[in-house]
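Hi,

Here is the structure I promised to pass on. My notes follow below it.

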Amino acid sequence: MSKIKGGAVAAVALTMSFSAMADINVGALYPFSGGLALLGNESFRGLEIAIEERNANGGLRGEQIKLVKSDAVDAGQAVGAARKLTSIEGVDVIFGSFSSSISFAATQVAELAAVPYFELGAISDNITDRNMKYVFRSNPTAKNFAEGTIDAIFKVVAPTYGVDAKDLKVAIIHEDALYGTTVSQFQKDIAKEKGLNVVQTLPYSAKAVDLSSLVLRLKGAGADVVLQTSYQNDTTLFFRQMREAGFKPKALIGAGGGYSMKDTVKVVGEKNMEGVLDVDFAQYLMNEAGAPGIKEFQATYKERYGEEPRSGHSLINYSGAKIFLDALEKAASLKADDVREAVMAIDLPIGSTAAGIGAKMNENGQNIRANAAIMQWQDGELKTVYPEAAAVAAPKFPQHP
């Protein structure tokens with residue numbers, strides 16, 4: 001009898017010992033393959049650095065964090081990936097996902113499983129407009145991006161050229177999935193509200209291999225300003241065929257995606273990207289006073305991966321991950337309701353993170369202190385040009401130095 005008791009006590013002690021050393025499993029759901037892989041991987045790197053920093057400083061709640069990667073190239077795969085993470089891997093929370101269509105699908109699965117989902121990079125407003133209880137987003141939304149592109153016309157393009165913004169002919173082009181469709185709809189609505197002259201609105205597939213007819217329509221309409229919401233491949237295709245057609249608008253304004261990638265510059269050419277505007281997550285050339293830790297992150301990234309950050313996607317994911325990891329540390333437990341309570345209590349002012357964003361969630365779990373910056377490619381670097389408090393350069397265009 002005493003031997004059985006002793007053995008039972010020893011077994012319990014051993015179990016407790018293993019429990020104390022157990023990892024906290026955290027899902028990382030991104031497009032690691034397929035056409036979105038470059039930006040998906042760049043986004044993941046920001047999360048990975050945040051997790052590695054946390055683990056080096058004692059982990060989360062006294063445990064090490066184990067990242068469980070799950071690849072999803074589209075919405076269909078996102079459903080299966082999310083199910084695997086929640087039901088087979090048994091993760092406590094999921095971080096993701098860069099792509100709006102992937103996030104939209106995966107968050108539905110996570111919500112039904114009562115597993116908190118932290119979106120760090122997808123921008124479609126619909127993701128946090130569905131009254132979900134356990135879906136939270138740290139980054140700006142499509143509406144924020146759309147507002148930024150219209151602001152760029154009024155506050156950057158028109159003043160630089162010395163013209164009235166309403167006299168400019170504006171064209172809106174976009175990839176036709178959730179990302180592009182959402183941004184473009186807000187662009188159309190805001191442009192109409194502000195009295196802009198929109199001469200063309202043209203959707204296309206991000207998988208298109210020929211955009212020449214679209215370019216010719218823009219040229220025929222005499223578009224002065226083109227707003228494009230795109231990924232990398234369709235961005236580079238558009239630039240190539242725009243050059244072939246001899247189409248030279250006064251300004252090109254991207255809504256993130258391919259417009260923020262250094263890899264895009266490598267393909268398109270520095271000269272051809274000169275003066276192109278990008279409304280996006282904060283990049284690396286911005287006033288550090290409003291982005292504490294940005295230089296340290298950049299140095300860590302270079303040491304970790306052997307190259308400079310390829311876009312601001314890693315930075316926005318890093319900053320968002322840190323915000324949510326802090327909340328998880330403070331939560332009463334990792335149960336979904338306790339996590340929600342801790343996330344809803346977050347209160348960080350704008351300019352307090354490496355990406356320049358603050359953090360305060362509305363009832364839908366959307367961060368209302370996330371902002372997008374207006375940047376411009378100058379001499380091969382993406383420099384913040386607006387707002388003035390964050391700017392490191394004045395705007396200039398090749399056609400109007």
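This is a predicted model: local features need pLDDT of at least 70, side-chain atom pairs count only at pLDDT 80 or more; totals for chains, interfaces and linings use all residues.

Which residue caps the N-terminal end of H3? Aspartate 74 does, with a side-chain oxygen 3.2 Å from the backbone nitrogen of glycine 76.

Before the rest, some ground rules. Residues are numbered from 1 along each chain as its sequence is written, and side-chain values use heavy atoms, leaving out hydrogens and water.

The chain averages a pLDDT of 92, and 94% of the residues score at least 70. Over residues 1-20, though, the pLDDT is below 50.

Back to H3, residues 75-88 (helices are DSSP runs of H or I, at least four residues; strands are runs of E, at least two; both are numbered from the N terminus). Its buried residues are Ala78, Ala81, Ala82, Leu85 and Thr86 (buried is under 20% relative accessible area, exposed over 50%, partly exposed in between, with a 1.4 Å probe and protein chains only). They sit on the same side of H3 because they cover an arc of only 120° around the axis (taken from the directions from the helix axis to the C-beta atoms). Their packing partners are strands S1 (24-30), S2 (65-71) and S3 (93-96), and helix H4 (100-112). Gly76, Arg83, Ser87 and Ile88 are exposed on the face turned away from that buried side. Just after H3, glycine 90 has a positive phi of about 65°.

Best wishes

Notes:
The expected span of a helix is 1.5 Å times one less than its number of residues. Contact means heavy atoms within 4.5 Å. A polar contact is a pair of N or O atoms within 3.5 Å; within protein, one must be able to donate a hydrogen and the other to accept it, and residues adjacent in sequence count only if both atoms are side-chain atoms. pLDDT is the predictor's confidence in each residue, from 0 to 100.
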